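My notes follow the display.

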Amino acid sequence: MAHSDPDLPLPSTWVVGLGGNLGDVVAAFEQALLGLAELGEVLAISKLYSGVAIGGPPGQPDYFNAAVL
């Protein structure tokens with residue numbers, strides 16, 4: 001696609017990483033997705049990954065991660 005106006009920014013694609021282990025992480029991710037969708041088209045969402053929290057105080061809940069394109 002041609003970009004005819006040099007004063008307009010070029011379209012861009014971003015990959016955003018989501019991560020958390022405190023509170024309702026799934027609800028926080030859903031809110032983040034809604035906010036990202038307001039900024040532009042969400043092209044893909046990874047599955048939700050969980051794993052043991054490493055470092056920090058002992059007894060932390062599992063950590064959740066996802067990526068958004």
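I listed the contacts of Asn-21 (heavy atoms within 4.5 Å), leaving aside neighbours within four places in sequence, and got Ala-53, Gln-60, Pro-61, Asp-62 and Tyr-63. The model is predicted: local features need pLDDT of at least 70, side-chain atom pairs count only at pLDDT 80 or more, and totals for chains, interfaces and linings use all residues. Residues are numbered from 1 along each chain as its sequence is written, and side-chain values use heavy atoms, with hydrogens and water left out.

I placed Asn-21 in the loop between β1 and α1 (25-39); helices (H or I, at least four residues) and strands (E, at least two) are DSSP runs numbered from the N terminus. Asn-21 is buried, as its relative accessible area is 11% (buried means under 20%, with a 1.4 Å probe and protein chains only).

I then checked polar contacts (N or O atoms within 3.5 Å, one able to donate a hydrogen and the other to accept it; residues adjacent in sequence count only if both atoms are side-chain atoms). The Asn-21 side chain makes one with the side chain of Gln-60 at 3.0 Å and reaches the backbone oxygen of Pro-61 at 3.2 Å.

Next I looked at strand pairing (at least two DSSP bridges). β1 (residues 16-20) and β3 (residues 63-68) are antiparallel, with five bridges; Gly-20 is opposite Phe-64. β2 (residues 49-51) also runs antiparallel to β3, over three bridges, and Gly-51 has Tyr-63 as its bridge partner.

Definitions and conventions
Buried < 20%, exposed > 50% of the residue type's maximum accessible area, 1.4 Å probe, protein only.
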